[in-house]
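This briefing concerns one protein structure and is arranged by topic. Please consult the sequence and the structure shown here.

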Amino acid sequence: MSDVKPIRVWITAPGPNSWKVVVVLEELGVPYELKVIDFADVKKKPFTDLNPNGRVPAIEDPNTDLVLWESGAIIQYIVEQYDVKRTLTYDTLKEKNQLNQWLQFQMSGQGPYFGVAAWFNVLHQEKVPSAIERYNDQLKRVLGVLDGRLKGKQWLVGTKMTYADLSFMPWNDRIDSAILCAPEEKFAGYPNVQAWHERMVALPSWKRIMDVRTGLMQGQGLNNATGRPDRFKTFQEYEAAIAAGEDTNP
């Protein structure tokens with residue numbers, strides 16, 4: 001794709017949603033550049049000029065003059081625009097719509113439930129056992145849906161890895177951090193999901209971008225589990241400092 005100009009991808013280093021876009025770009029060999037911003041800046045200009053919702057990721061594609069936000073929408077755009085060889089997708093009616101179905105499940109099921117589980121286990125300033133139990137159970141319910149789908153199969157749709165599979169990888173990789181379990185226990189009871197996940201995290205593309213993420217996290221002095229500087233003991237303290245306009249750098 002030597003004639004394609006790099007797509008600018010706005011991200012924050014900690015969160016998983018940005019990296020599911022980046023891994024799709026990596027797998028397709030689409031040139032891109034990362035625009036890394038601090039969490040404190042996602043609700044400020046110039047980023048809110050691109051995404052008024054103040055959430056990452058967002059992209060600017062100079063090849064089509066398109067600005068786009070919402071990770072699922074970005075993935076679908078990248079695949080439609082740049083996956084001309086159908087490397088990560090299908091163009092047959094059944095498979096094409098099933099891919100969209102699983103991406104929507106990632107967006108409406110995995111992402112929200114895993115995120116809220118992480119909030120109540122790690123970030124909320126007080127422990128609420130009923131909330132922790134509920135959202136840990138919902139996280140496991142989502143894993144159960146995936147495990148059932150993957151029984152006797154390597155991939156969610158068809159016989160090859162697609163963008164739908166990749167979209168689940170970043171949050172699945174964080175389960176141990178989200179529910180505070182040992183890394184080797186995060187897929188306990190879900191062997192099909194574990195085998196599926198292990199196939200994907202072995203990809204050179206994933207290893208490359210996780211090396212980039214590690215460097216960014218270290219460079220910004222961010223805790224790998226919480227995504228905030230270690231000097232802030234709670235997320236609420238971190239948010240208050242941001243709201244007050246204080247310097248939140250380590």
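Helices H4 and H6 are roughly parallel to each other, a term for angles under 35 degrees. This is a predicted model, in which local features need pLDDT of at least 70 and side-chain atom pairs count only at pLDDT 80 or more, while totals for chains, interfaces and linings use all residues. Residues are numbered from 1 along each chain as its sequence is written, and side-chain values use heavy atoms, leaving out hydrogens and water.

**Helix packing**
- H4 (residues 93-123) and H6 (residues 163-173) pack at an angle of about 10°, and their axes are 8 Å apart; axes are lines fitted to C-alpha atoms over the stretch in contact, with angles from 0 to 180 degrees between N-to-C directions.
- Contact means heavy atoms within 4.5 Å; residues of H4 including Trp102, Phe105 and Phe114 meet residues of H6 including Tyr163, Phe168 and Trp171.
- The residues of this contact comprise nine nonpolar, seven polar and one charged.

**Nonpolar cores**
- The largest nonpolar core has 56 residues, of which Val24, Leu146, Leu156, Leu166 and Trp196 touch the most other members. Such a core is a set of buried (under 20% relative accessible area, 1.4 Å probe, protein chains only) Ala, Val, Leu, Ile, Met, Phe, Trp, Tyr and Cys residues joined through side-chain atoms within 4.5 Å.
- Another core, of seven residues, lies apart from it and includes Ile37, Phe47, Leu50 and Val56.

**Met1**
- Met1 lies in the segment before strand E1 (7-11).
- Met1 counts as partly exposed because its relative accessibility is 42%, which falls between under 20% for buried and over 50% for exposed.
- Beyond neighbours within four places in sequence, Met1 is in contact with Leu28, Gly29, Val30, Pro31 and Tyr82.

Methods. Helix = DSSP H or I, 4+ residues; strand = E, 2+ residues; numbered from the N terminus. Parallel < 35°, antiparallel > 145°, perpendicular 65-115°, else oblique. Nonpolar A, V, L, I, M, F, W, Y, C, P; charged D, E, K, R; others polar.
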